[in-house]
Amino acid sequence: MRSAFVYFITFLILTSFITGCAHSSKYRSSLRKATKKGQLYDTQTWNADAIWHATFFSDEFRREFSQEHATLNHLGPIESARWMAKQGEIQSEQWEFFVTIYTKNLYKKFL
């Protein structure tokens, strides 16, 4: 009896983990499609002066981002619907990018 209970709990944990990983992999795939990256090199030393990543919040990516946010923050159905509606409003009003830039030197020197 006890071993059946342990097997049942293990089964529940594994199925929840597998379904969670499936959604996360869909989000990561969407993130990879929406993100571009590059480097600017110094012509003398061939060192990277700047490394940048830019993510465009397209309709597809924002939908996956919203679902991932709802899952990670354990939002209920009403909270999740509110969050998705708010993200839909943002998407309809403007285009949004998330840009990161890394430089070895101070930002003022990079400019």
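Let's start where two helices touch. In this predicted model, residues of α2 meet residues of α3. On the α2 side, the list is Asp59, Arg62, Phe65, Ser66, Gln67, His69 and Ala70. On the α3 side, look for Ser80, Trp83, Met84, Gln87, Ile90 and Gln91. Now sort them by class. Five are nonpolar, six are polar and two are charged.

Next, the geometry. Two packed helices are described by the angle between their axes and the distance between the axes. Here, helix α2 covers residues 59-72. Helix α3 covers residues 77-93. Their axes come within 10 Å. They cross at roughly 155°. Why call α2 and α3 roughly antiparallel? The cut-off for that term is an angle over 145 degrees, and the crossing is at roughly 155°. The two helices are therefore roughly antiparallel to each other. And the handedness? The crossing of α2 and α3 is right-handed.

Now step back to the whole protein. How many helices and strands does the protein have? Four helices and three strands. Follow the sequence and the order reads α-β-β-α-α-β-α.

Last, the surface. The protein has 111 residues, and 18% of them count as buried. Its accessible surface is about 9,100 Å². Carbon and sulfur atoms account for 63% of that area.

Notes
Residues numbered from 1 in each chain as written. Predicted model: local features only at pLDDT ≥ 70, side-chain atom pairs only at ≥ 80, totals over all residues. Heavy atoms only, no water. Axes fitted to C-alpha atoms, helices over the stretch in contact; angles between N-to-C directions. Parallel < 35°, antiparallel > 145°, perpendicular 65-115°, else oblique. Left-handed = near helix turned anticlockwise from the far one by under 90°. Contact = heavy atoms within 4.5 Å. Nonpolar A, V, L, I, M, F, W, Y, C, P; charged D, E, K, R; others polar. Buried < 20%, exposed > 50% of the residue type's maximum accessible area, 1.4 Å probe, protein only. Areas by Shrake-Rupley, 256 points an atom, 1.4 Å probe, with all protein chains shown as cover.
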